[in-house]
Amino acid sequence: MATVSPSTRAATPAEATRPGRFGPYGGQFVPETLMPALAELIDAYDVARHDPAFTATYDTLARDFIGRPTPLYHATKLTARAGGAQVYFKREDLAHTGAHKINNALGQGLLARRMGKERIIAETGAGQHGVATATVCAMLGLECIVYMGEQDVHRQAPNVFRMKLLGAEVRPVKSGSRTLKDAINEAIRDWVTNVNDTFYIIGSVVGPHPYPTMVRDFQSVIGRETREQSLAQIGRLPDAVIACVGGGSNAMGIFHPFHADPSVRLIGVEAGGDGVSTGRHAAPLSAGRPGVLHGALSYLMQDGDGQVIETHSISAGLDYPGVGPEHSWYKDSGRATYVAVDDAGALAGFELLCQTEGIIPALETAHAIAYAAEYAASRPSSEIIVVNCSGRGDKDLSTVATRLGVTL
Amino acid sequence: MNNQPAQHQSRIGATLARHREAGTMALVGWQTIGFPTIESSRTLVPALIDGGFDLIELGVPFSDPQADGTTIQRASFEALRQGATLSIALDTVRILRSDGITAPLIFMSYYNPILSRGLERFAIDASEAGVDGLIVPDLPAEESDALIDALDRVGIDTIFLVAPTTPQPRLRAIAARARGFIYCVSLTGVTGARQALPSDLPEYLARVRSFTNLPLAVGFGVSRPEHVASLRGIADAAIVASAIIDRMEHTPPETHVQELRSFAKSLRNAADGVS
Ligand SMILES: Cc1ncc(COP(=O)(O)O)c(C=O)c1O
């Protein structure tokens with residue numbers, strides 16, 4: 001099956017009202033210094049995505065470098081264990097570098113090269129986006145600097161080493177909560193300082209316009225393939241699509257191509273941390289209110305004074321107080337439903353997938369798996385559920401071992 | 001929309017007009033609310049004014065200060081640890097006004113604390129407290145209509161930043177919305193003291209000048225008397241922020257009044273061309 005280039009997407013109704021807005025959400029809340037760079041990026045991306053040479057290069061590398069299309073896998077053992085609806089996995093864990101992040105890093109890396117920007121910066125939480133960006137930069141011959149919260153440098157050590165092997169410089173960020181949020185702050189400060197020669201490859205559907213749209217477009221390859229594969233392998237569309245939500249890129253990537261299919265339920269799973277009721281979590285759609293962080297208006301975890309709250313999650317990739325603005329719009333408009341799974345639930349989901357299917361998932365993904373197993377159990381066996389298996393779990397082995405009381 | 005600056009002469013406008021008529025340069029100083037303590041600005045703002053600052057920016061601390069370098073980041077985090085909030089910043093202004101401070105007081109706040117309070121409510125509370133202007137470093141002109149409307153209604157100046165990267169059409173659009181003065185970011189970067197100011201500053205300021213008659217205030221990196229001196233004749237005001245916090249970090253709190261007054265004097269002399 002051929003992959004489909006990013007240029008084929010249709011604008012959503014929300015976007016049609018004003019570019020970069022999803023209902024009231026989105027926008028460009030950044031220092032003036034960056035506004036001209038965003039305008040340049042909007043123009044360059046718009047030209048690139050309509051340029052057959054650009055999309056052909058993307059499609060070829062998506063096939064030969066990333067290994068697309070990734071399979072749609074019928075998880076029969078997990079299905080039997082859950083005892084309800086049929087569970088399928090979209091196997092983004094099989095993409096090169098082990099997660100969906102590379103779909104976006106490749107697209108933005110090609111755009112940076114086309115714009116003549118040779119210095120790339122990125123932020124990373126779990127390290128998957130950092131690794132994906134470092135990989136693309138190595139392949140394209142671009143300089144790569146990755147900002148990573150100090151806490152994440154420790155809990156995702158294997159990915160730090162991978163980035164270094166790939167020639168990237170990893171800069172630990174010591175401010176604030178020393179996680180993904182602070183890594184984005186530091187990347188923005190770098191971009192403000194070096195905007196003339198630097199391209200910022202953002203790793204999720206967050207940030208100022210055009211990032212939420214552009215990242216969603218590059219990640220939509222997941223949903224387009226899933227749609228075609230469902231029709232080809234199952235003969236119909238799924239009844240529900242489930243994905244974990246950190247910034248929301250793997251979720252929006254698989255959701256968006258189904259947004260005009262009302263029979264397909266879209267369910268996003270946030271990180272419940274110690275439990276949403278404890279306040280120690282990373283679930284802004286479940287328990288936040290709209291606010292501005294990192295360039296966009298979206299649901300945000302904040303206190304009564306508008307200060308951003310520290311988040312808690314076993315998973316570095318979901319440990320973020322904000323979320324992509326299009327998800328906020330999907331929530332308010334009712335197009336998608338958002339739920340939370342806590343750390344303990346995610347660990348159970350992690351073990352469940354290892355034992356039933358022989359797949360070790362990323363801890364981020366494990367949140368979606370845990371909810372999918374519960375949801376499947378409540379649905380008839382005639383229904384089809386697709387879970388975005390966003391990444392593999394090698395990076396998380398030490399975190400899981402510690403939680404299970406095992407010394408490696 | 002919002003292309004008509006307020007008709008009244010604000011306290012900011014009057015202060016800068018006075019300097020322009022006298023052919024002198026105004027100085028804008030800085031305090032982060034809550035640094036090093038919640039009470040400290042009550043004595044340090046008067047010290048800055050005594051020493052020769054004409055307008056004071058009051059930094060409302062925020063958890064995610066993206067446009068700030070390490071100095072103001074540290075002050076901001078410490079201020080949050082001290083419990084500083086937007087409400088406390090408003091209280092501080094009330095206290096300063098009741099102490100008889102008449103200099104223009106300008107809030108510098110990231111957008112979310114303002115949005116969280118509600119634009120209308122912020123405008124009313126700020127004007128009752130005695131705030132004269134608001135600078136929002138993460139709110140570009142495109143996103144500012146609602147805020148300008150709310151602040152115009154209570155006579156608070158919405159102050160915009162321009163940067164060396166701002167192209168001419170944007171300069172025109174920003175100048176049309178600007179109230180009070182135009183905050184000219186001196187360099188491509190975040191806040192923080194620098195060794196030297198960019199050498200192309202005169203051309204950049206001339207470019208901004210060609211789009212507006214509003215006063216031009218230059219900030220980011222302005223940290224030494226010689227920087228201030230170099231702005232004479234090309235800017236209406238110099239903004240000094242991180243350098244003040246640097247001084248405070250390197251001296252014991254009980255000397256801050258003295259330190260800031262003498263630092264302000266050295267900058268005032270530089271602004272006046274007195275050596
Ligand atoms: C495997 C995996 N899934 C999900 C995420 C969360 O990001 P997003 O919500 O943008 O997909 C991450 C982020 O690091 C990840 O590595």
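**Ligand and helix contacts**

Tutor: Let's begin at the ligand of this predicted model. A backbone N or O atom of Gly248(A) lies 2.7 Å from an oxygen atom of the ligand.

Student: Which residues come nearest to the ligand?

Tutor: There are 20 residues around the ligand. Those that come nearest are Ser204(A), Gly246(A), Gly248(A), Ser249(A) and Ser390(A).

Student: How far is a polar side-chain atom of Lys101(A) from an oxygen atom of the ligand?

Tutor: Good one to check! Lys101(A) uses a polar side-chain atom instead, and its distance to a ligand oxygen atom is 3.0 Å.

Student: Are helix 5 and helix 6 of chain A roughly parallel or oblique to each other?

Tutor: Helix 5 (residues 101-114) and helix 6 (residues 128-140) of chain A have axes that come within 9 Å and cross at roughly 40°. Angles under 35 degrees count as roughly parallel. The two helices of chain A, helix 5 and helix 6, are therefore oblique.

Student: And how are helix 6 and helix 7 of chain B oriented to each other?

Tutor: In chain B, helix 6 (residues 119-129) packs with helix 7 (residues 145-154) at an angle of about 30°, their axes being 9 Å apart. The limit for this class is under 35 degrees. Helix 6 and helix 7 of chain B are therefore roughly parallel.

Student: How many nonpolar residues does the contact of helix 6 with helix 7 of chain B have?

Tutor: Helix 6 of chain B brings residues including Phe122(B) and Ile124(B), and helix 7 of chain B brings Leu147(B) and Leu151(B), among others. By class, this contact has 1 polar residue, 2 charged and, to answer you, nonpolar residues numbering 9.

Note on methods: Residues are numbered from 1 along each chain as its sequence is written. Chains are lettered from A and ligands numbered from 1 in the order in which they are written. This is a predicted model: local features need pLDDT of at least 70, side-chain atom pairs count only at pLDDT 80 or more; totals for chains, interfaces and linings use all residues. Side-chain values use heavy atoms; hydrogens and water are left out. Axes are lines fitted to C-alpha atoms, for helices over the stretch in contact, and angles run from 0 to 180 degrees between N-to-C directions. Helices (H or I, at least four residues) and strands (E, at least two) are DSSP runs, numbered from the N terminus. Angles under 35 degrees count as roughly parallel, over 145 as roughly antiparallel, 65 to 115 as roughly perpendicular and the rest as oblique. A residue is near a molecule or strand if one of its heavy atoms lies within 4 Å of it. A polar contact is a pair of N or O atoms within 3.5 Å; within protein, one must be able to donate a hydrogen and the other to accept it, and residues adjacent in sequence count only if both atoms are side-chain atoms. Contact means heavy atoms within 4.5 Å. Ala, Val, Leu, Ile, Met, Phe, Trp, Tyr, Cys and Pro count as nonpolar, Asp, Glu, Lys and Arg as charged, and the others, Gly among them, as polar.
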